[in-house]
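User: Could you take me through this structure, starting with the ligand site?

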Amino acid sequence: MKISVIGAGNVGATCAHILASKGFAQEVVLVDILEGIPQGKGLDMWEAAPVAGSDTFVSGSNDYAPTAGSDIVVITAGLARKPGMTREDLLAKNTEIVKDVTSNVAKHSPNSILIIISNPLDTMTYVAYKVSGFPHQRVMGMAGILDTARYRSFIAMELKMSVEDISAVVLGGHGDTMVPFPRLTTVGGVPLTDLLPKERIDAIVERTRKGGIEIVNFLKTGSAYYAPAAAAAQMCESIALNKRRVLPCACWLTGEYGLRDLFMGVPAVLGTKGVEKVLEINFSPEEKEAFMKSSEAIRKTMNEAKL
Ligand code: APR
C-alpha cells in the first residue's frame, strides 16, 4: 500500500503523520511546490518511525515521479481560509491548483483512488473527477466524517459522555447547508432526542454547521487541520484494509436520493475499489428539504467553477 499526500501544509503533513503512525501503509510520499518542505517534513516523520514503532517509510518531493504507482492519493493542495472568508472564496485559485495536481497524479498513478480535501470540497472533488477521467468510484471527498466528528464531539461535551458511544451522521455539502440528523443520532443506542431538549440539539447543530469558521477565527492564519487530517486517514484505512466501513463522504451521485451528476456527502461503503456502495436514507419531509437545499448550493458552486 502506497499513499501519496499532495500538499505538505497543515492538513497534508498532519495526515501523512497520522498515516505513518497507523503503520498500515508501506510508504507515504508527500509532495508540495515549496522547495525543501515536503523533503524536510517527510524525513522528520521517517525519523520518528523508530520511536513510533512503525515501518511506514515517509519521504517528500517537489515532483511526482516518486508518487508513481500510488494506491491512494490524498489531495490537500490549495489555499486555506482566513477570517471573513467562505470556502467558496477559494474557488478560483483552488480550481487551478487542483487541476494541476490532479493531472500530475493521474499521469503517475492511473489506478489510484483519489481523496480530495481542498475547498470548496464538493466542487474540488468534481474538478478532480473531471480532470482525472477516473471512474467515479475512485474519486471522493473528505468532509462528512469531519462534520460528523465535530457534531459528535459537541454532543459528548454537552452530555459528558464518551465520543465513542455517539453514533451520528452529517450529510450534504461541506458548508453552511450541511445536514446533521438528530433523528438518527444515538448515544450507546439511546436516541439523542430522548437525552437533550430540542433547543440544545438545535444549538449543537448550528455550532456544527459553523465548526470550520470557529477554528478559522481562533487560528486567524489558516483553517482546521487535526480533525480534517484524521478524517482523511480514516478513509485511507477503510480502503487500504478493505474494512468496508460506512462513512459519510462526498460521492458522485447517479440517481441516489433522486440526484445525479454532483458530488455530495452521503453514507458510503469504502473498500479496496473505493466507493463500493452509497446507502440511501428515507428522509422526513424536513430532512429532504434540507438535503435538497444543500444540493442546490453545491450545484451553484460547481457551475461557477466553469469546467
Ligand atoms: N501543488 C502542490 N502543492 C501545492 C500547490 C500545487 N500546485 N499549490 C499549493 N500547494 C501547497 C502549498 O505550498 C501549501 O504547502 O498546498 C499546501 C497547503 O497547505 P496550507 O496552506 O497549510 O493549507 P491547509 O491548512 O493544509 O489546507 C489545505 O485543505 O481543508 C482544506 O480549505 C483547506 O483548501 C485548503 C486545503
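Predicted model: local features only at pLDDT ≥ 70, side-chain atom pairs only at ≥ 80, totals over all residues.

User: Fine. How many residues surround the ligand, and which are the closest?

Analyst: The ligand is surrounded by 20 residues. The closest are Asn10, Val11, Asp32, Leu79 and Asn119.

User: What is the make-up of that shell: how many nonpolar, polar and charged residues?

Analyst: The shell comprises ten nonpolar residues, eight polar ones and two charged ones.

User: Which polar side-chain atoms lie by an oxygen atom of the ligand?

Analyst: One belongs to Asn119, at 2.9 Å from a ligand oxygen. Another belongs to Asn94, at 3.3 Å from an oxygen atom of the ligand.

User: And what about the backbone of Leu79?

Analyst: A polar backbone atom of Leu79 is 2.7 Å from an oxygen atom of the ligand.

User: How much of the ligand does the protein bury?

Analyst: The ligand taken alone exposes 730 Å², and the protein buries 86% of that area. The space that the ligand takes is the largest pocket.

User: Which elements give two or more residues to the shell?

Analyst: These are α1, spanning 10–22, and α3, spanning 91–108. The largest share comes from α3, with four residues.

User: Staying with α3, where do Glu96 and Lys99 lie relative to each other?

Analyst: Both are in helix α3, three residues apart, which is about one turn of the helix. Glu96 and Lys99 form a salt bridge, with their closest N and O atoms 4.0 Å apart.

User: How many salt bridges does the whole structure have?

Analyst: A search of the whole structure finds ten.

User: Changing topic to the backbone: is the peptide bond from Asn119 to Pro120 cis or trans?

Analyst: That bond is cis, with omega near 0°. Pro120 is in the loop between β5 (113–116) and α4 (121–132). Asn119 is also the residue with a polar side-chain atom 2.9 Å from a ligand oxygen.

User: And Lys220: is its phi positive or negative?

Analyst: Phi of Lys220 is positive, near 70°. Lys220 sits in the loop between α7 (211–219) and α8 (226–240).

Terms used. Residues numbered from 1 in each chain as written. Heavy atoms only, no water. Near = heavy atom within 4 Å. Polar contact = N/O pair within 3.5 Å; in protein donor to acceptor, adjacent residues only side chain to side chain. Areas by Shrake-Rupley, 256 points an atom, 1.4 Å probe, with all protein chains shown as cover. 1 Å grid on protein atoms, 1.4 Å probe; cavity = no way out; pocket = protein on both sides within 12 Å on 5 of 7 lines; lining within 4 Å. Sits in = over half its atoms within 2 Å of the grid points. Nonpolar A, V, L, I, M, F, W, Y, C, P; charged D, E, K, R; others polar. Salt bridge = Lys/Arg side-chain N within 4 Å of Asp/Glu carboxyl O.
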